[in-house]
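Let's work through a few exercises together. Try each task with the viewer open before you read its solution.

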Amino acid sequence: MTAQQQPHVLLGGSKGKVLISVSDKTNLETLAKGLVELGYEIVSTGGSATAIEKAGVPVKRVEELTGFPEMLDGRVKTLHPGVHGGILARRDVPDHMAAIEKHGIAPIDLVVVNLYPFRQTVTAASKPSFEVLAPGAVAVENIDIGGPGMIRAAAKNHEHVTVVVDPSDYAALLDQLRSGAAGSDALHFRKRLAWKAFQHTATYDATVAEWLWGQVGEGPAPEMAVPMKLSQGLRYGENPHQSAAFYTDASLAEHDLGGVATSVQHHGKEMSYNNYLDADAAYSAACDFATPTCVIVKHTNPCGVASREDLLEAYRLAVRADPVSAFGGIVAFNRPVDAALAREIREFRSPTDNETRMFYEIVIAPSYTPDGLEVLKGKSKTLRILEAKPRAPSGRSLRQVAGGWLLQDADSLTPQQIEFTCVSEKQPTPEQLDDLKFAWLCVKHVKSNAITVAKGQKLLGMGSGQPNRVKSVQIALEKAGEEVKGSVLASDAFFPFSWNDSVEIACKAGVAAIVHPGGSVRDADAIECCNKYGVALLTTGVRHFKH
């Protein structure tokens, strides 16, 4: 094998060219100095070259490599054979090496590139214009062209070229170069960086495509990619035999919406797969209420809900709704937690025996006072304490089925957006109407078939997930117990039958007012039944199925 045919090994410490073109200049000076100390020659573009020069590090401008100046306001800098030939040439193919030598192109061994800040631009408070020629049309100008080209070229040729897109990898890169790593170890390192490079450009392109569709598209996009970032590996999924991980959604649709995915954990054991599901269900429900509210969830279903100006009292009432289910549940608040409330959470005894301290997996709230946080940490070493930006149901909802995804808008309707129409002879009192709206908001967060019974802005009982509505009614009434007299009942969907069925069962139990969407061919039966028992019946025209 001739010298020209010898495979080029970057990570053996040999000298070579490094091309640097970065928007994010984090740790750039440290990288540049380290590379020069190892004997590499740096070629750079625009602002990157200027930053390296200011650091006192020798650097050549890319124009010296290509023989062409930057053109078209910087749109054309690296789109040149002098750059891409040096990156893409295979060092183990004699014809490749002969070709670049013939044209005076030097091999480029290391490519350090990250892209224009497109995401930051289009998510800024001042939204950029879409039109290319419009004043301040910075969005289109922040769509990187040359950068992805160099990244993809280097990643494709990873057998011979190292590509770095993330400043957090600079230290590992320099360590590899200094160690003189070669062979399979060096190749494995380059392959990992190549994967990261392709993922980097894929996420970037997905963001650009999402933004463009938002400018020109109507309805669901014909194709879509949802970029996700690994937040943490999980010990297991729903069950110990299932592997699992948690990802955050990096799409523009999710920008700054808040919620559990971007929460801060202040204390406790690491989150599990089921913890995330339950915390999301609890916090989404709590944040759906405009008034101070506590929601307690078990297996994604609210088992306790109460609204009070005094959040401490709301917590007590939420626990009392179903203390057996609340034990081991998730407690969510839509207002800050102070020391008094934290102390109550820490010390509150189960109403079942007035002795056993209530145990919870998670407490989640929009914020905590410093004293409140310290008090709450004293409840248990394992209690997970989460702080999250408030988020009522909003944005889009994606759900996986085998081989596909379902996309819908989140169920963001609240009682304030719905018309409650009384269709019975009996009219609800103002207090009953308020309770009906409360029960209606509760039932929205319960799995179908869903029934909630409430009174005085507190949940008394709920029936969830039953294949037939009658059973959900029976369960909800059973949990409400003696408090059912004068209460209200909400159903997430219409009653298909009334006599000797859900409606009559509720009326006989002492429910004073009922709300359902209406729309059944037997709606008249529900009205007639309620009129017989002197119960107010209201319709909303809106269904709240939750599967």
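**Exercise 1. How much space lies in the second largest pocket, and which residues are the closest to its centre?**

Step 1: The second largest pocket holds about 560 Å³ of space. It has 26 lining residues, and those closest to its centre are E210, W211, W213, G214 and R396.

Step 2: Now for the elements: α10 (183-216) and β15 (404-409) are the ones giving two or more residues to this lining. With eight residues, α10 gives the most. Sorted by class, the lining has 13 nonpolar, eight polar and five charged residues.

Before going on, a word on the ground rules. This is a predicted model, where local features need pLDDT of at least 70 and side-chain atom pairs count only at pLDDT 80 or more, while totals for chains, interfaces and linings use all residues. Residues are numbered from 1 along each chain as its sequence is written, and side-chain values use heavy atoms, with hydrogens and water left out.

On a 1 Å grid over the protein atoms alone, a pocket is an open set of points with protein on both sides within 12 Å along at least five of seven lines; a cavity is a set where a 1.4 Å probe fits but cannot get out; lining residues have an atom within 4 Å of a point. Grid points are joined across faces, edges and corners, and a volume is the space filled by probe spheres set on the points. Ala, Val, Leu, Ile, Met, Phe, Trp, Tyr, Cys and Pro count as nonpolar, Asp, Glu, Lys and Arg as charged, and the others, Gly among them, as polar. Helices (H or I, at least four residues) and strands (E, at least two) are DSSP runs, numbered from the N terminus.

**Exercise 2. Which residues line the largest cavity?**

Step 1: Searching the whole structure turns up one cavity of 30 Å³ or more. About 40 Å³ of space lies in the largest cavity.

Step 2: Its lining is made of L234, R235, Y236, E270, M271, S272 and Y273. By class, that gives four nonpolar, one polar and two charged residues.

**Exercise 3. What is the strand order in the open sheet of five strands, and which are its edge strands?**

Step 1: Read the order as β3-β2-β1-β4-β5, with parallel pairing. Strands count as paired if DSSP finds at least two bridges between them. The edges are β3 (60-61) and β5 (162-164), each pairing on one side only.

Step 2: Look at one pair: β2 (residues 41-44) runs parallel to β3, joined by two bridges. There, S44 stands opposite R61 in β3.

Step 3: Helix α2 (residues 46-54) lies across β1 (17-21), β2 and β3, at about 135° to β2. Helix α4 (residues 81-88) touches β1 and β4 (108-113), and its direction makes about 110° with that of β4. Contact means heavy atoms within 4.5 Å; axes are lines fitted to C-alpha atoms, for helices over the stretch in contact, with angles from 0 to 180 degrees between N-to-C directions.

**Exercise 4. Where does T421 sit, and which residues does it touch?**

Step 1: T421 is in strand β16 (residues 421-422). This strand belongs to an open sheet of six strands with mixed pairing, in the order β16-β21-β20-β19-β17-β18. Its edge strands are β16 and β18 (459-463).

Step 2: Leaving out residues up to four places away in sequence, T421 touches L537, L538 and T539. Those lie in β21 (residues 536-539), which pairs with β20 (residues 513-516) in the parallel sense over four bridges.

Step 3: The cut-offs are under 20% for buried, over 50% for exposed and partly exposed in between (1.4 Å probe, protein chains only).

**Exercise 5. Where is T300 found, and what is its phi?**

Step 1: T300 is in the loop between β9 (293-298) and β10 (301-307). Its phi is positive, about 70°, although T300 is not a glycine.

Step 2: With a relative accessible area of 15%, T300 is buried. Strand β10 is mostly covered as well, with seven of its seven residues buried.

Step 3: Six bridges join β9 and β10, which run antiparallel. In their hairpin, with two residues between the strands, H299 takes a positive phi near 50°.
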